[in-house]
Amino acid sequence: MFEIDWNILLPSLVVAGLVLVVLCVDIIRPDNKGGVSGYLSLLGVGVAIWVSLSLWGRSPTHGLGGMLFLDNYALFFNLIILAGTGLTIFVSTGFLEREEGGRSEYYLLILAATLGMMLMAAGADLIVIFLGIELMSIALYILVGFFRRRTDSNEGSMKYLLLGAFATGFLLYGIALVYGSTGTTNLREIELAVAQGRVYTHPMLLGGVALLIVGFAFKVSAVPFHMWAPDVYQGAPTAITGFMSAGPKAAAFAAFFRVMVASLGDLSGDWSGAIWMLAALTMTVGNLGALSQRNIKRMLAYSSVAHAGYVLVALVAANERGIAGGVFYLLAYAFMNIGAFAVIVALGRKGDENLEISGYAGVGFRHPGIGLAMTLFMVSLAGLPPTAGFFGKFQIFSAAVEAGYIWLTVIGVLNSLVSVYFYLGVVVSMYMRQPVGQAHAVSMTPFARVALLTASLGTLYIGLAPTSLLQMARQTVSALL
Amino acid sequence: MLTTVEIIILLPLFGAIVSGVFGHWLKKSSGYVATACVGAAWLLGLKTLVDVMGGVGVDENVYTWVSAGSFTASVGFLVDPLSAIMLVTVTTVSFFVHVYSFGYMHHDAGFARFFAYLNLFVFSMLVLILANNYLLMFVGWEGVGVCSYLLIGFWYERKSASDAGKKAFIVNRIGDFGFLIGIFTMFGYLGTVQFSEVVAKAGGGALPASAATGIALLLFLGACGKSAQFPLYVWLPDAMEGPTPVSALIHAATMVTAGVYVVARSNVLYTLSPTAGAVVAWVGVFTALLAASIALVNTDIKRVLAYSTVSQLGYMFIGVGVGAYTAGIFHLFTHAFFKGLMFLAAGSVMHAMSNELDMRKYGGLLSKMKVTGYTFIIGTIAIAGIPPLSGFWSKDLILAGAYHSHVPGHAALWALGVVGAVMTSFYMFRLILMTFFGQPRDAHLYDHAHESPPSMTVPLLVLAVGAIFVGGVTGYPLEHGWINHFLDPVLGSPDHGSGGAGLSPSVLIGISVAAGLGGFVLALVMHRSGRLGADSRQPIHKVLWNKWYVDEAYDVSIVRPIHRLSMALWTIFDTIVVDGIANGLGYTVKGISWVSGRFQTGRTPTYAMWMLFGTIAMIYAVTLP
């Protein structure tokens with residue numbers, strides 16, 4: 001028997017408890033259409049954030065048979081994930097009402113996915129990470145197809161499921177190969193085994209590493225494992241698209257970074273070239289793909305691919321500034337991207353209509369607040385100063401220069417400059433095009449307003465006063481290096 | 001308490017917010033608010049200049065923007081002689097352009113929006129020139145770029161205007177790319193982006209010469225984009241689609257000079273790297289001649305002025321390239337007055353001529369528009385480099401600096417500069433003669449012509465006074481004027497490599513004055529014989545008329561291939577894969593059969609196939625060294 005340090009489990013436990021409570025509410029009050037569950041979920045997420053913050057700064061530990069870490073790294077990702085979940089719930093309340101799709105399992109699934117993500121960030125064992133990924137993914141498969149009557153929603157879900165299963169196969173096979181060559185699935189023991197050369201066959205280990213990369217690359221939507229993203233993002237209910245682009249991506253990166261840098265860091269000579277290619281391809285294909293999009297969800301899907309590429313640059317650099325930059329960037333990205341999706345939800349019409357960028361003509365004058373917020377998000381996504389996006393990129397690219405990856409930086413900066421074009425395209429449409437047709441009333445629930453305001457303020461704050469969050473991001477690095 | 005410099009910067013921001021957010025209610029009053037804000041900034045700017053002359057500089061960090069480990073960036077401002085000169089230049093021209101815009105934009109539906117953008121521009125420009133580190137400077141740099149884009153495309157209903165905006169935007173992206181990589185590299189080597197620390201560390205030998213060359217050239221790439229130098233100058237002539245006050249303010253006097261400012265501000269790097277300096281000077285002289293040659297035959301009044309701006313910016317780069325930083329900045333300063341003046345006067349002419357831009361339809365306007373005409377002539381004499389007007393002093397300082405420098409081929413540099421001066425004088429007097437003298441060539445337009453309202457002519461008069469006097473007052477005696485004493489301490493006095501050898505200063509002055517007069521005489525002779533603006537069948541005329549086919553060359557070599565590539569990507573990814581399926585779905589696949597429909601299209605398997613290829617490639621990349 002071993003002593004259980006409950007603190008290690010506490011953040012996950014809060015969310016797990018929340019899942020059960022929401023499930024019970026669902027059984028007791030099946031007719032609440034998600035209303036009560038939504039409020040409960042928000043409350044629970046708030047508690048989980050508070051718990052994560054109160055655990056911040058303790059010396060890193062691990063426990064439960066070496067299955068989970070409790071360190072700043074995991075806690076920081078908890079904050080990203082929970083912020084994403086909280087904002088999504090805020091956005092969802094009015095959205096579900098409009099789409100008449102409110103059922104309480106919606107929140108249940110979101111929370112289950114959140115629990116999975118937190119396990120991915122805290123997992124100290126490949127098996128736990130795998131379980132986290134599957135818990136998250138299965139919930140997401142259902143959420144993507146949540147609007148059962150809409151074919152594109154179903155299509156996205158089915159596609160995501162099929163390709164996701166494919167990727168899971170690779171991931172699991174990778175874990176098996178790593179186990180086969182090192183005799184363990186525990187991250188710290190893998191690190192030791194590699195460091196001490198206790199590896200059964202080296203090629204098998206490397207094969208396992210390659211397959212692990214494939215599995216993670218699918219989850220972060222890196223090229224060429226990204227193809228599901230545009231279809232799934234477009235088909236999913238808009239609030240879920242926003243959700244997917246923030247938390248799950250951050251969580252996948254959390255596990256990806258931890259496995260690659262902390263456990264397999266000694267092998268970086270073998271994998272960094274591959275990640276270099278992955279990063280370059282992902283940035284380029286993502287941005288070029290986004291250039292010609294007219295549907296805003298599809299555009300942001302490609303944009304999310306491109307942003308995965310930027311964060312991969314941080315993984316290539318794999319130094320202190322790079323990891324801190326990547327972690328920081330994912331936080332900033334969560335705020336600006338969910339904010340953008342909150343705007344899309346607000347401007348959308350029943351049946352998830354009005355998603356063409358051309359349909360945003362004149363929004364800046366008809367709805368000044370929304371227009372201003374969207375401009376902020378777009379400028380930040382484009383990485384123009386002085387926004388959150390700019391600082392994230394600045395950190396990542398200067399880390400890459402520091403680590404000697406000049407050409408990757410050149411590719412990254414070129415990409416980021418290209419991206420300004422399509423992000424500002426939205427702004428131009430909002431401010432410099434005459435609106436066509438009748439003005440549609442935009443009704444935002446108070447909750448949705450809170451979400452939009454929070455995302456805007458978050459984006460602004462991260463851009464204007466990034467110091468404290470950047471310092472927190474730097475405190476996570478010691479868990480990996 | 002806010003310091004003066006903070007107030008100066010915040011004033012236009014305040015104006016932008018007020019006229020932008022409340023413009024709907026304020027209507028015309030938004031213009032008063034915006035103008036008052038810039039006017040107050042102008043007065044404070046003058047006070048700041050006086051303070052700096054008294055030896056009071058500012059280098060303050062207002063707040064630490066970000067600090068993480070070794071990396072710190074502040075929102076901080078630097079007021080030294082260089083930024084004080086820039087501050088006065090920018091605020092002066094800005095203020096009078098604001099006043100002028102009252103009359104010019106009076107009937108425009110987007111009156112408040114225009115002033116909001118204009119104020120936002122001034123704010124960004126002030127951030128650019130007053131920042132005390134490269135990062136904050138980049139904030140302003142991007143800000144002026146965005147404002148320029150918005151203002152070029154101000155009349156977005158016109159396709160040519162929004163196209164011009166896009167072109168400016170895209171070309172500037174290339175420059176920004178260089179600028180950003182330059183900052184990253186600088187940070188990589190020096191660990192700081194603060195001006196004072198860069199000067200200390202780079203001057204202290206922390207920067208290898210090769211790195212200095214690299215950073216200096218990257219920053220110059222950025223400067224080429226913003227300051228319209230070859231090969232990135234192509235956006236500026238098209239930018240004339242914007243309202244004329246915008247052309248005067250942004251595309252003549254202020255934003256386009258940002259590149260010159262960056263080079264001057266980074267002078268420590270260019271001093272470390274003679275190669276980079278030589279590149280700057282030679283690109284400058286090449287651009288100066290190229291643009292001047294196009295201006296020789298163009299008949300669009302604003303385009304001529306635009307090419308003239310490109311050409312004059314080339315002169316400024318000659319100055320900063322050969323190490324005569326003071327000369328370059330001095331020309332920037334005087335140029336802001338006379339070129340701003342000429343653009344505003346051109347706007348006044350257009351105003352009178354129902355927005356006609358073709359000079360072949362002008363003629364004989366002097367009698368009808370005395371103020372516009374005479375001030376325009378003053379601007380022309382100034383730019384032609386005829387003493388004692390402003391342009392003479394600064395241009396001569398540049399040419400003398402080039403002659404005495406030790407940049408490779410410095411004598412040729414000087415000679416080409418003189419040739420350019422002849423061309424400058426010719427095309428400007430050609431413009432004057434075609435517009436204000438001779439017989440009216442379009443009777444209908446001529447009959448309706450009238451002098452512009454005082455809100456437009458008063459700024460002309462004020463700027464004309466500047467165009468006459470600022471050069472002489474600050475630049476006399478040559479090389480030992482006030483401007484030299486003021487700027488040399490920050491920028492360093494030009495390094496006279498060849499010493500006093502060669503032609504004596506008075507001969508040099510004589511030659512450059514002769515160049516200015518020569519161009520004038522040539523224009524006059526051609527005017528008398530009626531050949532100005534006439535079509536010519538000579539091949540060289542055709543080449544110049546078609547602007548050396550540079551736009552066409554870019555179109556064939558860059559624009560079309562990229563367009564084809566993106567169209568191909570679009571066709572593959574969207575038309576075939578997405579639209580085809582989505583459309584096909586609606587017509588053919590119904591009800592429950594949609595799932596099989598999905599598989600028959602082969603899309604999901606295609607995706608899986610790609611994943612498989614990717615996996616194989618990944619295994620290959622990781623396992624095999």
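Mentor: Tyr310(A) is buried, with a relative accessible area of 1%; buried means under 20%, exposed over 50% and partly exposed in between, with a 1.4 Å probe and the protein chains only. Phe397(A) also counts as buried, at 2% relative accessibility. This is a predicted model, in which local features need pLDDT of at least 70 and side-chain atom pairs count only at pLDDT 80 or more, while totals for chains, interfaces and linings use all residues. Residues are numbered from 1 along each chain as its sequence is written, chains are lettered from A and ligands numbered from 1 in the order in which they are written, and side-chain values use heavy atoms, with hydrogens and water left out.

Over all chains, a search of the whole structure finds 49 aromatic pairs. Rings of Phe, Tyr and Trp (its six-membered ring) pair if their centres lie within 6.5 Å; planes under 30 degrees apart count as stacked, over 60 as edge-to-face and the rest as tilted. Tyr310(A) and Phe397(A) form an edge-to-face pair, 6.1 Å centre to centre with 90° between the planes. This pair links distant parts of the chain, since Tyr310(A) belongs to helix α12 (residues 296-317) of chain A and Phe397(A) to helix α16 (residues 388-402) of chain A, 87 residues apart. Helices (H or I, at least four residues) and strands (E, at least two) are DSSP runs, numbered from the N terminus.

In chain B, Tyr149(B) and Phe169(B) form a tilted pair, 4.8 Å centre to centre with 40° between the planes. Tyr149(B) lies in helix α6 (residues 134-152) of chain B and Phe169(B) in helix α7 (residues 159-190) of chain B, so the pair ties together parts that are 20 residues apart in sequence. Both Tyr149(B) and Phe169(B) are buried.

Ring pairs also build a cluster, whose members include Tyr310(A), Phe397(A), Phe138(B) and Trp141(B).

Of the 625 residues of chain B, 61% count as buried.
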